[in-house]
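Here is a short briefing on a ligand site and a chain interface. Look over the sequence and structure, then read on.

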Amino acid sequence: MAVVEEKVTTWLGRSVKRKEDDRFLQGRGNYIEDIKLPGMLYMAILRSPYAHARILSIDTAAAMQVPGVVAVVTGADLVAHKLAWMPTLSGDTQAVLATDKVRMQGQEVACVIAEDVYTAHDALGLIDVDYEPLPVVTNPQQALAEGAPVIRDDKEGKTDNRIYHWEAGDQGATERAFAQADRVVSIGMHYPRCHPSPLECCGCVADVNPASGKVTIYMTSQAPHAHRTVFALVTGLPEQNIQIISPDLGGGFGNKVPIYPGYVVATAASLLIGRPVKWIEDRTGNLISTGFARDFYMDGELALRQDGKMLGLRVNMLSDQGYAYADAQPSKFKAGLFHVVTGSYDIPAAHVVTDGAYTNKAPGGVAYRCSFRVTEASFFIERLVQKAAYELGLDPAELRRLNFIQPEQFPYTSATGFVYDSGDYERALDLALEKVGYRELRQEQAKLRQEGKGKLLGIGLASFTEVVGAGPGRQFDILGIRMFDSAELRVHPTGKAILKLGVKSQGQGHETTFAQIVSNELGIPPQDVMVQEGDTDNTPYGLGTYASRSTPTGGAATAVVARELREKAKRIAAHLLEAAAEDLEWELGRFFVRGTPDRGVTIQDVAFAAYTNLPEGMQAGLEGVHYYDPPNMTYPFGSYVVVVDIDAGTGQWKVRRVVAVDDCGVRINPMIVEGQIMGGLTEGLGMAAMELITFDEEGNCIGSNFMDYLLPTSMETPHFDLFETVTPSPHHPIGCKGVGESATVGSPAAYVNAVIDALAPYEITNIDMPVTSDKVWEALRSKGVGA
Amino acid sequence: MYPAKFEYFPPRTLEEALSLLAKYGDEGKVLAGGQSLIPLMKLRFAAPRALIDLNRIEGLDQLVEEDGGLRIGALVRTKACERSQLLRDRYRALADAAPQISDPIVRNRGTVVGSLAHADPQGDWGSVMLAVGARVEARGSGGTRTIPIEQFFQGPFASALEPDEIVTSVVVPDPGPRASGTYLKLERKVGDFATVGVAVHLSLDNGRVRRAGIGLTAVAPTNVRATKAEEALAGAELNDASIRNAAELAAQAAEPRSDLRGSADYKRHIVQVFTERGLRTAAEAAGAA
Ligand SMILES: Cc1cc2nc3c(=O)[nH]c(=O)nc-3n(C[C@H](O)[C@H](O)[C@H](O)COP(=O)(O)OP(=O)(O)OC[C@H]3O[C@@H](n4cnc5c(N)ncnc54)[C@H](O)[C@@H]3O)c2cc1C
């Protein structure tokens, strides 16, 4: 059959099938659990049953007696190697194995290394630990109260549980704005602790070669280069001897950014024993001990004029950090980018006060599918704006429209110092309202309210703005390392390319998307571009994938390096065509002489010549590397509308419709973008409706398995109607903004706003997430409504 | 999630299985669908020395009507109940409950009898069987005996079975020509255990209730019958008043506990709402309304 090939003029905006899916769909991926090395041992971790206790003694003798057990490691063993504590990504410390005390339930206390995984677990049960339970702190209010037990008494001079106090914005200007306000609307809420819950838990295979000293660590890492540097700093091993290989990852969502004790102990054990050691975390271990998300208590007020114009915003945020400050976030921003809380609105004055406190819980506060706490910020402002609309008697859409930053205001400097690159918020909102049939829905709602038969309909909006793509090196660093990212591109003699990146896909489709960027610049089709990531020995240095940064940074680096190669290619083409470089024109995949389109050479011809037939004095090869330091962050945005029906008899709510308009600038692969958005809308529903990690007063974690920690399935997930507007980023080489997290950030408020909208006539103004049926029913009952 | 060591036996006959069970006593466990037992073993909450797998024994997978009643063999999967036209036509409470139990993977393996033997107060089958008035047939070294379902559940995860007994089937009596039922379950997501479940069964006679059965899930230490509600309905006409009254009585039979799924008040309220809704659905299907 003859295939008529259409002439490709751009590879942007094309839904190329994901190149990586062939191997995933055929079960030929290579995940951490697939890696098996000769002589490999298995490690299992003994975790603390107590949230806070002194360790009186640890007896490992019986465990050591089990046939097949090779070693039992405790904190005391690590002290000898100065490895009992390690730095966190926010410059705090965290125990590798507990020495003095355990400070959270699930904390790592000892490890068994055995010939097989069953034996390792059998032996765990024989380790005898004597604990003396201590008073437990389970929330940050308690932590900061007078007389609270000091959790981090391991730190010299630490006399309380405060981690940071950090402010943004202008207090004086904000006070003046409030003084002028006709109305002040306030809201208080808890964005509860939830968990990224990648389907694949964490794990590693550490392989130290006792002869060469080479340390190869296969590990579930979203940031392998940064992790290599941290490993070098922690262990004192020479960095060139450490190779981190992050294989295929079964999701990350921020959970695989931090370094966990399991990685460190497995590596130390391999070093001491001289055999490879594998550690695979189980689900409970993942849920109770690794990077959780959110857990922010937020209170704030909006100052408004009677006509709805916003004048000022005041927010207080208290963060429950667990027993270590272990957020993976830029070091200059103590509460991440939470101060982007003015959102999509032109609010002249704002003041944000943040505090972080230690509690007896898992450390972290990873930004679960979120650019450093923009999720909490977006949720807060979108909930507050809806409440303000009700109090002013305005439609929530109208109040938003009145206050949106206008297209001509970009670049827009916000009251807390962000410089928004581009946006057209009203266009996105209008499109969403039109697609959902907003007016008709409001009419239906009015009718139902009049009939008063217990049928409750709610319509929730969220017009979010994100700040992603960290970030400009002068402002953004992690442990001092600037947050650039990099791309290395080589075109081989046959015209096929290999692209190596410092970022690392966990399912986002990098192998396809980044190939398309090369295709778009060089005209080499995506199937001819191999994308490599995750191996620190074979990729240029980069900070990894999280915070929607890969396309804004690594994608930009790819476009720039490809353009650099095109410049060289042009000079080779001129040589082949015996023309002056200035006289050549470029159409995708081909140079030709201006005015004589027939006289041309393809990029493949040029690639071959780069190794076979070069102009005098030119270096061979077609290869380059670029480290991209973004000039600014990018600001994706969108408007979501969620429609819910509530059963007043049971409090259950059901999503009738979701309309999502996203603007992430230029879309490289629309199919992949839509996949990201659908995933985020599903996760948003999960947080709004069911996901919760909570603790009893003894600090026992409730939510330690998937029967208690509820994730939405296909059955709960509604249909999503997706639409787009395109407002390119003015500073990104191909106008992209990053989209991996938009829907996780923007949608929770839309769901909750929808439920609250249904309940608004009863003066119910807030229900904290997860908005479960019993909470809805209790809220109705408290207002004397419901059967 | 690695179980402790155990020995595995796949007997071919019930006699063989019984003698293995007699040999290991407390330390032996019968394996049916494994959907409750295996998770417990993986968490090491259960560590039986011997696992006696019933799955190769022939004749235990019967789902048939005999003498007007329904016999559900020990290896009948929840999925088979979900697919059964017979259940949809004649044993509606069972048919409605089946697809609400967990997810398709669990239903493909999990058995009705295994669920009863597990005696989880959050199990759905127990309430359904209480509503329809089933009886459990068990065999042990002492022979065969029949246990009425209301005597079967003794406490959370405790049944009337002796350690050496195997349930061979559960039998549901003939509901009569004009009967129906349903099962309502409040769950937080698909695959979740019930926050509250209500099983309703109605057999009618001359426009009046001949027998009403109401079983409650997750609101007491075992699955329980709402006896007072059943008694109030027996012989009564089904109308708004009798249905509301029964629903209130059913709520009183519940002794729920407050937890993350909701307060005791909430759960009691759900029992009432579901009983009312369930009775209306069943009444309509049985042709009373
Ligand atoms: C994720 C998940 C979700 C679930 N959700 C629900 C739910 O929503 N509602 C619900 O009701 N159930 C639920 N279940 C439980 C499921 O229905 C089980 O299948 C059922 O409870 C047990 O049946 P089984 O055949 O798997 O029994 P097994 O796990 O094989 O056995 C359970 C117990 O019964 C004993 N036993 C089994 N058969 C016999 C017999 N013939 N004689 C004597 N003792 C016997 C076993 O020794 C064991 O102690 C869920 C299970 C899972 C894994």
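Which side chains meet in a salt bridge (3.7 Å, N to O)? They are those of D122(A) and K5(B). A salt bridge is a side-chain nitrogen of Lys or Arg within 4 Å of a carboxyl oxygen of Asp or Glu.

This is a predicted model, where local features need pLDDT of at least 70, side-chain atom pairs count only at pLDDT 80 or more, and totals for chains, interfaces and linings use all residues. Residues are numbered from 1 along each chain as its sequence is written, chains are lettered from A and ligands numbered from 1 in the order in which they are written, and side-chain values use heavy atoms, leaving out hydrogens and water.

**Interface of chains A and B**
- The count between chain B and chain A is 4 salt bridges.
- In contact (heavy atoms within 4.5 Å) are 25 residues of chain B and 25 residues of chain A.
- The two chains bury about 2,100 Å² between them. Buried area is the accessible area (1.4 Å probe) that two parts lose on being put together, summed over both.
- Y2(B), K189(B) and Y266(B) supply 29% of the area that chain B buries against chain A, more than any other three residues.

**Ligand site**
- 31 residues surround the ligand, each with a heavy atom within 4 Å of it.
- Residues from chains A and B surround the ligand, so the site is shared between chains.
- Among the closest residues are V30(B), G34(B) and D124(B).
- A polar side-chain atom of T111(B) lies 2.6 Å from an oxygen atom of the ligand.
- A polar backbone atom of Q35(B) is 2.7 Å from a ligand oxygen atom.

Definitions and conventions: Polar contact = N/O pair within 3.5 Å; in protein donor to acceptor, adjacent residues only side chain to side chain.
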